[in-house]
Amino acid sequence: MKPSFFRQTQYREPDKNELKEIHAYNLSAMQLMQGLGYAIIGRGFRREIEQQRITNALKNLIVIDPNNTQYKLALQEEENKRDFKITRLVGMLPDNYQYKHLGCDIYVFFPKTLSRTKVLIVGGIHGDEPAGPLGLMKFLEQRNSKEILSRLSASFIPVMNVYGFTHDTRTNEGNKDINRNYDNGTPSKEAQVIKNNKDFIFDLASKGFLTLHEDDTKDNFYLYTCGKNQKLFDSLRSVGKKSFGLATGEANDKYPINNGFVKDVLDDGSFESFLGNNGIIGITTETPTIEKIDKRIEANRLLINSFLRHFVL
Ligand SMILES: [Zn+2]
């Protein structure tokens, strides 16, 4: 699945499709050229084979584009994608939505009148996992999204780690993983904001939650589940399976993956375990970062669709 463009060794101008591949390829390759070097490779591409692939890709990029024009364009395009404006999102939501600033840069969007079927979707907990927030945007652009949203009370925290999202880092600006220490130790300021608003958050998520993550150690899809709702869990697994196939072995936190599922992880101090330990059923999806961004965004749109449809059908 190596992009065809990177197999070229001779100098020539890339064609339109190949340019698209470069743009979609990965920010990490571009950052490498900015001199961030192996720190990025170490973070994003742990395996030897990936390091080789990036190195080769980079050599070809330099040959083809000595002035880095394409690189700069690609970087700009990636930055545009990350330009996640609250005002833009407000415009995309149905008229009956409002939003509340919880603290830090965390905004939650929810219907003005809440029905009994309340679910919560959260993206961008790790900033270098952009397909969730962008998939949510794509869902909201979809023709029938307003109709779906009129049939339940879906709330959204589109990006929980805004610093990480805009800087392409897993952690916040204090270099803290905001998805840890909900249960003990010192939580990040973002986690503390959620804990300060826990009654509100638990209420919005009372029928279920969906958190959208990505994994840079797997080639395929898997999901964490909390509690029991096998029909819901199966429907999201089948979406992920169709898009990427199912991952096997261990999740990157070493929990075993069975049939695409990692069940009831309640002891890692994450946001999800915080909800799960309070009796809330939910799903955490993991799309493979190694795949092209457009494919991952589309998969996240489909996952959001499936999740919401489960509650309205
Ligand atoms: Zn994550």
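## Packing of α7 against α14

In this predicted model, helix α7 (residues 131-141) packs against helix α14 (residues 293-312) at an angle of about 65°, and their axes are 7 Å apart; axes here are lines fitted to C-alpha atoms, for helices over the stretch in contact, and angles run from 0 to 180 degrees between N-to-C directions. Helices (H or I, at least four residues) and strands (E, at least two) are DSSP runs, numbered from the N terminus. On the α7 side the contact is made by A131, G132, L134, G135, L136, K138 and F139, and on the α14 side by I293, R296, I297, N300, R301, I304 and N305, where two residues are in contact if their C-beta atoms, placed from the backbone, lie within 7 Å. The residues of this contact divide into 7 nonpolar, 4 polar and 3 charged, with Ala, Val, Leu, Ile, Met, Phe, Trp, Tyr, Cys and Pro counted as nonpolar, Asp, Glu, Lys and Arg as charged, and the others, Gly among them, as polar.

## Basis of the model and overall composition

Residues are numbered from 1 along each chain as its sequence is written. Because this is a predicted model, local features need pLDDT of at least 70 and side-chain atom pairs count only at pLDDT 80 or more, while totals for chains, interfaces and linings use all residues.

The secondary structure of the protein chain comes to 14 helices and 8 strands. Of its 313 residues, 40% are buried, a residue being buried if 20 or more other C-beta atoms lie within 10 Å of its own, exposed if 12 or fewer, and partly exposed in between, with C-beta atoms placed from the backbone. Among the contacts in the protein chain with a separation of 6 or more, 73% are accounted for by residues 24 or more positions apart.

Strand β4 (residues 153-157) is mostly covered, with 5 of its 5 residues buried. S153, S155 and I157 point one way from β4, while A154 and F156 point the other way. In a regular strand the side chains alternate between the two faces of the sheet. Strand β3 (residues 118-123) pairs with β4 in the parallel sense over 5 bridges, given that two strands pair if DSSP finds at least two bridges between them. Within this pairing, I121 has F156 of β4 as its bridge partner.

## Strand β6 and residue T225

Strand β6 is likewise mostly covered, since 5 of its 5 residues are buried; Y222, Y224 and C226 point one way from β6, and L223 and T225 the other way. Antiparallel to β6 runs strand β8 (residues 282-288), joined to β6 by 5 bridges, whereas strand β7 (residues 261-263) pairs with β6 in the parallel sense over 3 bridges. L223 takes part in both pairings: its bridge partner in β8 is T285, and in β7 L223 stands opposite F261.

T225 lies in strand β6, which spans residues 222-226, and T225 counts as buried because it has 24 C-beta neighbours inside 10 Å. Leaving aside residues up to four places away in sequence, T225 touches F233, F261, K263 and I283. The C-alpha atoms of T225 and F209, 16 residues apart along the chain, are separated by 9.9 Å.

## The buried face of α10

Helix α10 (residues 189-196) has E190, A191 and I194 as its buried residues. Seen down the axis of α10, these residues fall within an arc of 100°, so they line one face of the helix; the arc is that of the directions from the helix axis to the C-beta atoms. What covers the buried residues of α10 includes β2 (106-111), α11 (198-204) and α13 (271-276).

## Loop residues

Most residues other than glycine have a negative phi, and most peptide bonds are trans. C104, although not a glycine, has a positive phi of about 45°; C104 is found in the loop between β1 (97-103) and β2, and counts as partly exposed because it has 19 C-beta neighbours inside 10 Å. N175, also not a glycine, has a positive phi of about 60° and lies in the loop between α9 (162-167) and α10. With 9 C-beta neighbours inside 10 Å, N175 counts as exposed.

T217 lies in the loop between β5 (208-215) and β6, and with 19 C-beta neighbours inside 10 Å T217 counts as partly exposed. The C-alpha atoms of T217 and E250, 33 residues apart along the chain, are separated by 9.9 Å.
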